[in-house]
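Please keep the structure in view while reading.

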Amino acid sequence: MPPEYLRVVTAKGYCCKIKHKLLTKEKEEEKEGPFANPKRSSFFHTKPQLLRFQKVEGFYQVLKMALVLHAGNTNKNGFKALIAAEYSGVKVELVKNFEMGVSNKTPEFLKMNPIGKVPVLETSDGPIFESNAIARYVARLKADNPLLGSSLIENAHVEQWIDFATLEIDVNILRWFIPRIGFAVYLPPSEEATIAALKRALDALNTYLASNTYLVGHSVTLADIVMICNLTLGFSRILTKSFTSEFPHVERYFWTMVNLPNFHKILGEVKQADSVPPVQSKKPSQVQAAKPKAKDEPKKEEEAKKEKAKPKVEETAEEEEAPKPKAKNPLDLLPPSKMILDEWKRLYSNTKTNFREVAIKGFWDMYDPEGYSLWFCDYKYNNENTVSFVTLNKVGGFLQRMDLARKYAFGKMLVIGSEPPYKVKGLWLFRGQEVPQFIIDECYDMELYEWRKVDITDEAQKERASQMIEDYEPFEGEALLDAKCFK
């Protein structure tokens, strides 16, 4: 046998030959000894650079095939597979010196994933891309892995929460974060809608975690791994304490999970963002690029002279085509009010103890019955509220669609009852003396409620309003399933 070849026995006992330097497979049949035809071995589908050898009695025995993860060492999508590997006892090697924008543009990488996205897992049977698929593959390498659930229904719930973590949490965090750091166009209305969608998802998750330690069953599953990796980007980059404090059960869940040994080993110390990243301004290089070059100056001067000689038809046209100023909201034209809505919202948010003595008293001291009005609302179809989470989502969707009124309103929505059908009632503070017409026109939920103006001269109605702001329980003799605030 030529010296550049090594005689190799695979872990299954097959015999074949491999070039020593280039590690190129040679499909030559070895007939001596008890070895089978190597062409029947899955060994020949193995990428040679992934092989591990151990010399045994003159032979190089093929050991376990290594899994290589192509991703940066801070990539939260790569963390999914690495944490799953820790729980599963699977060896996954993170490729060294991976540089985003360089390593994933090489011909070798593009063969594994033609669109150049990371992460990619290199296996003995070929590459895998998409982080959730990679994490599932790693988990399935361990037989009966509890990460995937212990029954058919648990496995379905794992898949359910993986989808939720991806489509409701991760998507909205990225849609909020990416434009702010300059990698997408920043549009304030789009950001508002994204934040509302994220709050809706976190609210649903918070409700679920109020009575559950893990997403599925009584131990960590792949659903928890995917959820925590997605939340890690949010908590560390854009979800400040003032934002997440609205979701205390999500906070408890997140900080508990990231400090578990297998999570902490991969994620390291996680610190919460102190502030939301400011919107990126135009880069100086772009401004400089807009300046004309020196060699073009003579030509520019000639063109300028010609332009001066031309009648200013284009300028006139531009003036005529200039967009008209946006019409003011009628509520902005009302006489000034002594009640500053933002001051009340701050008082509400910052009062943690003695709420009745501090916040409720402060509200009535601030309240201006000439500049604002209070309204009770009652859902018309409470008999349909037979499923708790559907009812909560219904109210959450209403508050999301009320975003257009944030400058002019404050609201409390109560979901009442310990068993179905659940009652939905609310209290709203609006600028002006009527429910604003633009809200009625734009938010279709308004017609699903009966609206009744609060008479603050009636002490019973005033006390009822105070109890709704306070989340007083029991409310009208019944337990509260949930209370949501619009501020």
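In this predicted model, Lys412 stands opposite Leu427 in S12. The two strands concerned, S11 (residues 409-416) and S12 (residues 423-431), run antiparallel and are joined by eight bridges.

**The four-stranded sheet**

- An open sheet of four strands has mixed pairing and the order S7-S6-S8-S9.
- Which strands stand at the edges of this sheet? They are strand S7 (92-94) and strand S9 (126-129); each has a single partner strand, so one side of each is left without a neighbour in the sheet.
- From one strand to the next, the twist averages 25°.
- Strand S6 (residues 67-70) and S7 run parallel and are joined by three bridges. Within this pair of strands, Val68 stands opposite Glu93 in S7.
- Helix H3 packs on the sheet, where it touches S6, S7, strand S8 (120-123) and S9. The direction of H3 makes about 125° with that of S9.

- The axes of helix H1 (residues 76-88) and H3 come within 8 Å and cross at roughly 10°. H1 and H3 are therefore roughly parallel to each other, since angles under 35 degrees count as such.
- On the side of H1, the contact is made by Asn77, Lys80, Ala81, Ala84, Ala85 and Ser88. On the side of H3, Ser131, Asn132, Ile134, Ala135, Val138 and Ala139 take part.
- The residues of this contact between H1 and H3 comprise seven nonpolar, four polar and one charged.
- Asn145 is placed in the loop between helix H3 (131-140) and helix H4 (152-180).
- Is Asn145 buried or exposed? Asn145 is buried, because its relative accessible area is 4% and buried means under 20%.
- Leaving aside its neighbours within four places in sequence, Asn145 is in contact with Ser88 and Ala139. Ser88 of H1 and Ala139 of H3 are also among the residues that make the contact between these helices.

**Salt bridges**

- How many salt bridges does the structure hold? The structure holds 19 salt bridges.
- In one of them, the side chains of Lys484 and Asp203 meet at 1.8 Å, N to O. This pair links distant parts of the chain, with Lys484 in strand S14 (residues 480-486) and Asp203 in helix H5 (residues 188-209), 281 residues apart.
- Lys484 has a relative accessible area of 6% and is buried. Asp203 is buried as well, with a relative accessible area of 19%.
- Lys484 also forms a salt bridge with Asp482, with the closest N and O atoms 3.3 Å apart. Both Lys484 and Asp482 are buried.
- A salt bridge between Lys487 and Glu246 has its closest N and O atoms 3.9 Å apart. This pair too links distant parts of the chain: Lys487 is in the segment after S14, and Glu246 is in the loop between helix H7 (241-244) and helix H8 (248-258), 241 residues apart.
- Lys487 counts as partly exposed, at 26% relative accessibility. Glu246 is likewise partly exposed, at 34% relative accessibility.

**The protein as a whole**

- The protein has 17 helices and 14 strands.
- Of its 487 residues, 43% are buried.
- Among contacts between residues at least 6 apart in sequence, 68% join residues at least 24 apart.

Methods
Residues numbered from 1 in each chain as written. Predicted model: local features only at pLDDT ≥ 70, side-chain atom pairs only at ≥ 80, totals over all residues. Heavy atoms only, no water. Salt bridge = Lys/Arg side-chain N within 4 Å of Asp/Glu carboxyl O. Buried < 20%, exposed > 50% of the residue type's maximum accessible area, 1.4 Å probe, protein only. Contact = heavy atoms within 4.5 Å. Axes fitted to C-alpha atoms, helices over the stretch in contact; angles between N-to-C directions. Parallel < 35°, antiparallel > 145°, perpendicular 65-115°, else oblique. Nonpolar A, V, L, I, M, F, W, Y, C, P; charged D, E, K, R; others polar. Pairing = 2+ DSSP bridges.
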